[in-house]
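Here is a colleague's note to read beside the model. Keep the structure open and find each residue as it comes up.

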Amino acid sequence: MLKTGLCSVTFRNLSPEEVIHLVATSGLEAIEWGTDVHLTLQKSATYIQSIKEKCRYYGIETPSLGTYYRLNDSSLDYFKSCIQIADRIDAHQIRIWGGNKSPRNITPSDWKRYVQETQMLCDLAQEHNKSVHLELHEKTVTEDKITAIQFFEEVSRSNLYCYWQPLWIKSQAANVSALKQLSGYISNIHVFQWDKYQRYPLEQGYSTWLNYFHILEPSTNTPTYAYLEFVNRDDVNQFYEDAEVLKKLVYAKIKT
């Protein structure tokens with residue numbers, strides 16, 4: 001089951017209420033709220049509850065929380081606070097970052113620490129009926145697909161997944177290979193069209209993304225969310241255009 005959504009970090013300059021309005025009027029189905037600006041640790045429980053209720057009113061799902069917890073760099077108290085925020089918006093997925101080093105720079109002691117820390121986070125999340133999701137990103141343990149698979153296998157927790165996204169530092173062939181080989185671990189995907197230098201309208205990457213979507217094998221039991229993450233010039237009108245393209249991509253996938 002494949003669904004559409006928006007990462008709230010796409011519009012850090014807008015209020016949560018404005019983000020909700022964008023999603024409600026675009027026809028997307030979900031929001032991944034970020035803890036950096038919109039649902040920070042400083043926001044009250046009452047306020048976060050009100051955001052959940054506003055989403056519910058418009059029929060918007062809130063399945064995931066995008067945190068800025070980074071392995072070997074963030075405190076356990078921060079992760080626990082993120083669990084509390086996730087509870088308040090009924091999110092069952094917590095996204096984290098896999099350290100701040102490319103695999104070639106990760107020492108054996110780094111690796112051991114990453115594995116043990118991730119196991120601890122997964123066990124803590126499991127106590128709250130939540131899963132942990134590593135973002136595939138350059139300069140993290142998941143930059144390389146082989147290293148990522150090795151990491152998932154060594155952590156060995158059933159509630160550990162990853163978000164797939166194409167890496168601009170990789171070729172399209174390499175991104176396709178990662179998508180195929182990581183399919184058993186992929187929970188959601190981040191959708192954007194950009195390179196090292198700038199962002200582009202999603203329409204310009206339609207054929208590339210159509211290929212990615214055809215390869216993607218979403219679970220039949222739990223939804224896989226395709227989240228728009230960032231748009232050209234941070235422009236609201238561009239967002240609406242990209243949302244239409246995303247819906248068209250998902251429809252094309254569902255038809256196959």
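**Notes on the fold**

1. Start with strand β7, residues 186-191. It is mostly covered: 6 of its 6 residues are buried. Buried means under 20% relative accessible area, exposed means over 50%, and partly exposed is in between (1.4 Å probe, protein chains only). Helices (H or I, at least four residues) and strands (E, at least two) are DSSP runs, numbered from the N terminus.

2. A word on the source. This is a predicted model: local features need pLDDT of at least 70, side-chain atom pairs count only at pLDDT 80 or more, and totals for chains, interfaces and linings use all residues. Residues are numbered from 1 along each chain as its sequence is written, and side-chain values use heavy atoms, with hydrogens and water left out.

3. Now the neighbours of β7. Strand β6 (residues 160-164) pairs with β7 in the parallel sense, over 3 bridges. Two strands pair if DSSP finds at least two bridges between them. Cys-162 stands opposite Ile-186 of β7. To get from β6 to β7, the chain passes through helix α6 (residues 172-181), and this β-α-β crossover is right-handed. Right-handed means that, with the strands pointing away from the viewer, the path from the first strand over the helix to the second runs clockwise. β7 also pairs with β8, again parallel and over 3 bridges. There, Val-191 has Leu-228 of β8 as its bridge partner.

4. Turn to helix α1, residues 16-26. Its buried residues are Pro-16, Val-19, Ile-20, Leu-22, Val-23 and Ser-26. Seen down the axis of α1, they fall within an arc of 160 degrees, so they line one face of the helix. The arc is that of the directions from the helix axis to the C-beta atoms. What covers these residues? The cover includes β1 (2-7), β2 (30-34), α2 (45-57) and α8. Gly-27 follows α1 and has a positive phi, near 85 degrees.

5. Helix α3 can be checked for length. Its 13 residues should span 18 Å at 1.5 Å a residue, and its end C-alpha atoms are 19 Å apart, which agrees. The expected span is 1.5 Å times one less than the number of residues. Tyr-78, Phe-79, Cys-82, Ile-83, Ile-85 and Ala-86 are buried in α3. Their arc, seen down the axis, is within 165 degrees, so they line one face of the helix. They pack against α2, β3 (61-70), β4, α4 (108-127) and β5 (131-135).

6. Look next at Thr-67, in strand β3. Is Thr-67 buried or exposed? It is buried, with a relative accessible area of 0%. Its C-alpha atom is separated by 5.9 Å from that of Gly-34, 33 residues apart along the chain. Beyond four places in sequence, Thr-67 touches residues including Tyr-78, Cys-82 and Ile-94 (contact means heavy atoms within 4.5 Å). The side chain of Thr-67 reaches the backbone oxygen of Arg-95 at 2.5 Å. A polar atom of that side chain lies 3.2 Å from the backbone nitrogen of Tyr-69.

7. Asp-90 is not a glycine, yet has a positive phi of about 65 degrees. Asp-90 sits in the loop between α3 (76-88) and β4 (93-97). At 46% relative accessibility, Asp-90 counts as partly exposed. Arg-233 also has a positive phi, near 65 degrees. Arg-233 lies in the loop between β8 (224-228) and α8 (236-255). Arg-233 is exposed, with a relative accessible area of 57%.

Definitions and conventions. A polar contact is a pair of N or O atoms within 3.5 Å; within protein, one must be able to donate a hydrogen and the other to accept it, and residues adjacent in sequence count only if both atoms are side-chain atoms.
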